[in-house]
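Reader: I'd like to learn how to read a few features off a model. Can we take them one at a time?

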Amino acid sequence: MLEKDKEMGRQVIFPAEWHPQSAIQLTWPHEGTDWAPILDEVIPCFVAIAKEVIKREKLLIVCPDEAAVRKQLGEVDYGRIIFREMETNDTWARDHGGISVFDDEVPMLYDFVFNGWGMKFAADKDNLITRNLARMGTFSEEVVPVNMQPFVLEGGSIESDGKGTLMTTVECLASVNRNEYLRQEELERYLKDVFGLERILWISNGYLAGDDTDSHVDTLARFCAEDAIAYVVCEDEADEHYEELRAMEEEIRSFTQADGKPYRLFPLPMADKVEWEGERLPATYANFLIMNDAVLVPFYNSPKDAVAKAVLQEAFPGREIVGINCLPLIKQHGSLHCVTMQYPEGYIK
């Protein structure tokens, strides 16, 4: 926070993903998205995620055609689903969704610019989703939407422990096609101010082949608790990721908590190589979603699925670990966390 804000007693909190939630957002695939050629594959994946969500909390579905989605969902508890019809470019709610922050206990919803991961893809419609949701009365009266233009930021690029520490990657945040005139130290000052941070853990190594996001942190390393980090490791020296992920592991092992104590670390296996149309896809077990009483984990039809599940069960002993087949999702270079966005308790009507 800025010094004047500290003096006035202002407290901004960027809640961790495990903060009690009111709803999860899905932005549904349709014929107008890049999913069009494989809709029959990806729709069952979204349906599986939706059904797990409504067991535990509300589900917000953004789509251009509610009737079509209802037909795809079939018989489910529609009392726990909120539909909002609007035009969309794509389905990556993590990156075009609003980011929840408490400012002196007032629930805020930050609406950053989403420019298609550095102007790689069309995003004109998705960039309007959060303000459209607010205009439609989706959020509780107490929630204050905040237009964060012109700053470009995607939810998948930042990880919060809820206690003033942010984890992110240099590769993404310092991308010239996002906020090109800001140096890393200027980015750090801005992020500390708007999110009420005390410190930022910058990861400068690590990547996944086929990733369009410039190394979003949620594909590589995640907070599991205030004192715990799960991260991807590669043990195959012949794999192209070996050196980079080994360097990333060294960085993460050097990180300490705010009190100087080391983090509890949970190494996740590097997913088996998955290719489609001759291209390696960014399969990762780090792209899990923390929910009320559960963690949804991307599975890839591999023996390593069980290994990743066991690691995350140790990291989240009080939550059910649920695997979702995400092989269809990574055909568009994202996974489970990428297509979801959580809203804290009290945010959704």
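Author: Let's start with burial: a residue counts as buried under 20% relative accessible area, exposed over 50% and partly exposed in between, using a 1.4 Å probe and protein chains only. Thr-213 is buried by that rule, because its relative accessible area is 6%. One caution: this is a predicted model, so local features need pLDDT of at least 70, side-chain atom pairs count only at pLDDT 80 or more, and totals for chains, interfaces and linings use all residues. Residues are numbered from 1 along each chain as its sequence is written, and side-chain values use heavy atoms, with hydrogens and water left out.

Reader: Where is Thr-213 found, and which residues does Thr-213 touch?

Author: First, elements: helices (H or I, at least four residues) and strands (E, at least two) are DSSP runs, numbered from the N terminus. Thr-213 sits in the loop between β10 (199-203) and β11. Contact means heavy atoms within 4.5 Å. Leaving out residues up to four places away in sequence, Thr-213 touches Trp-117, Cys-172 and Arg-178.

Reader: And Ser-302, is that buried or exposed?

Author: Buried, with a relative accessible area of 10%. Ser-302 lies in the loop between β17 and α11, and touches Asp-272 and Tyr-285, again not counting residues up to four places away in sequence.

Reader: Which residues of α11 are buried?

Author: Asp-305, Ala-308, Val-311, Leu-312 and Ala-315.

Reader: Last one: which residues lie nearest the centre of the largest pocket?

Author: On a 1 Å grid over the protein atoms alone, a pocket is an open set of points where a 1.4 Å probe fits, with protein on both sides within 12 Å along at least five of seven lines; lining residues have an atom within 4 Å of a point. Here 14 residues line the largest pocket, with Ile-13, Pro-15, His-19, Gly-162 and Lys-163 nearest its centre.
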